[in-house]
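Please keep the structure open beside you as you read.

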Amino acid sequence: MAAVLFDMTAIYKLIKNNTDSYSAYLSCLLFIAFACISNQHNLLVSYIIGHQIPIGIMLFSINSFTEYYNSKHKTSTLIKSALLFFAASFLYEACAAYILIFIFIAMYKNNGNIFRNCTRIIYDTHFHFLLLFLYTLIYFGWRKFYPSDYEGAKLYFGDIPQSFITMIKYSAGMIPGLPALAMVVKKYITFEEFRSALNIGNIVVPLITAITFYFVFPKIKNPKNKLACALLCIAGIIIPNLIISFTPKYAEWTKGSSYSYVTSFYSYFFMIPLFLIVLKTIFRNNSKPVMIFLSSIVFCISFVSSAGNTAWNVYFGKNLERYKAFSAAVSSSYFDNLEDGTTVYIPDYTGIHNSMDITKSFAAIYTSADINFTNKIETIDFSHPAVFLKYSPEDKSMTAGNLNADGSFSDCFCIYGNSNITCEYN
């Protein structure tokens, strides 16, 4: 929570110093009211040091860069911005792409004439480029001595169209309401589970947000540089996903069901002010009917986001029980007695983080036996021992036993949960 508040303070200062306090306040309010949780990598609940902190630092860096122009070109402010940019990139390498933001701002502040004011633009960004060059030397120097086999750290230009699809998907991955839609489409929980989980807060929070919006939105100033602000927001949405989209790992992920990643959180910060800019551009009349209409839109978006978060809590709660059962099972004496080469069949389970290799690594913490995991019975070599591991969500129990070549189970017993469960799975 402290990290998210740090980030919100940064976006508040950035918007306030470049527009007005009402825009900044409303942006922070909508940031909270529209925030969505999903089963994708989500920075509202994780990655505090590696990602939550860098985006805040980067926002402070951008704010300092704009202050440089508002403070009659004080060099100390420019150096401060460059150092913050360096720090953010050091924590997360994809932040290096934000150099494009500084170039964009420098071009705009110098009347957009890159040729006539080229010298001025270069001067305004030279500290950032120098520190970016230093960071690049450090990064690749480190990689020279400690190579990485992580596919997410390797550039890949073998499928340009898919890389652009990845960039678009991840840039839009935290559009308010999208995770809720994903839950409906993929049927992660039943409607009855969702309905029973709803509470009064799912109505109260959107209602307070809509009422506040009704009174605050008309006070927002109509800036003359709306187009530049909108373009800056669009750049802020796309740039965080620029580097990772051209890596084999994430390009491959988006071929499947992945529609969001941690960088989508970076994009989210710029979605909210863009939303306000668009509304302010389209609806210049702040009459009562217009404000009722806009407040209703805000209420609906906030409600869908809030209800979606409640639904995800149900989903995560169910998964947590399964994770606890699985952890207790693999750390039991049953796994200590398995032979090398044993295959563990876990039907209806895709493994930890959707990876059987990660599942195998987790089990290796508790047993020295070389065992494999699969949820596809047709891939099992029955010339080696095979066992099954089945979870019962009704009893929150984990049952184990022998898996026979014909697919039947035998010698079943409960190794976690309800000890009265018998071998009833076929």
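1. At 40% relative accessibility, aspartate 370 counts as partly exposed, a class that lies between buried (under 20% relative accessible area) and exposed (over 50%), using a 1.4 Å probe and protein chains only. Before going further, a word on the basis: this is a predicted model, so local features need pLDDT of at least 70 and side-chain atom pairs count only at pLDDT 80 or more, while totals for chains, interfaces and linings use all residues. Residues are numbered from 1 along each chain as its sequence is written, and side-chain values use heavy atoms, with hydrogens and water left out.

2. Which residue does aspartate 370 meet in a salt bridge? The partner is lysine 360, at 3.2 Å from N to O; a salt bridge here is a side-chain nitrogen of Lys or Arg within 4 Å of a carboxyl oxygen of Asp or Glu. Aspartate 370 sits in the loop between α17 (356-363) and β2 (372-374) and lysine 360 in helix α17, so the pair ties together parts that are 10 residues apart in sequence. Lysine 360 is also partly exposed, at 30% relative accessibility. Helices (H or I, at least four residues) and strands (E, at least two) are DSSP runs, numbered from the N terminus.

3. In the whole structure, the search finds five salt bridges. Another of them joins aspartate 159 and lysine 255, at 3.7 Å from N to O. Aspartate 159 lies in the loop between α6 and α7 (160-171) and lysine 255 in the loop between α13 (248-253) and α14 (262-282), so this pair links parts that are 96 residues apart in sequence. Aspartate 159 is partly exposed, with 22% relative accessibility.

4. Helix α5 (residues 99-109) and α6 pack at an angle of about 170°, with their axes 9 Å apart; axes are lines fitted to C-alpha atoms, for helices over the stretch in contact, and angles run from 0 to 180 degrees between N-to-C directions. The two helices are therefore roughly antiparallel to each other, the term for angles over 145 degrees. Among the α5 residues at this contact (heavy atoms within 4.5 Å) are Phe102 and Ala106, and among those of α6 are Asp124 and His128.

5. Now the sheet. Its five strands form an open arrangement in the order β2-β1-β3-β4-β5, with mixed pairing; two strands pair if DSSP finds at least two bridges between them. β2 and β5 (409-416) are at the edges with a single partner strand each, so one side of each is left without a neighbour in the sheet. The twist averages 25° from one strand to the next.

6. Threonine 343 has asparagine 372 as its bridge partner in β2 and alanine 386 as its partner in β3. β3 and β4 (residues 397-403) pair in the antiparallel sense over six bridges, with serine 392 opposite serine 397. Their hairpin has four residues between the strands, and lysine 396 takes a positive phi near 55° there.

7. Strand β3 (residues 386-392) has seven of its seven residues buried. On one side these are Ala386, Phe388, Lys390 and Ser392, and on the other Val387, Leu389 and Tyr391. I would note Lys390 among the buried residues.

8. Finally, the cores. The largest nonpolar core has 76 residues, meaning a set of buried Ala, Val, Leu, Ile, Met, Phe, Trp, Tyr and Cys residues joined through side-chain atoms within 4.5 Å. The largest share of this core, 12 residues, comes from α14. Apart from it lies another core, of 21 residues, including Val344 and Tyr391.

Key. Parallel < 35°, antiparallel > 145°, perpendicular 65-115°, else oblique.
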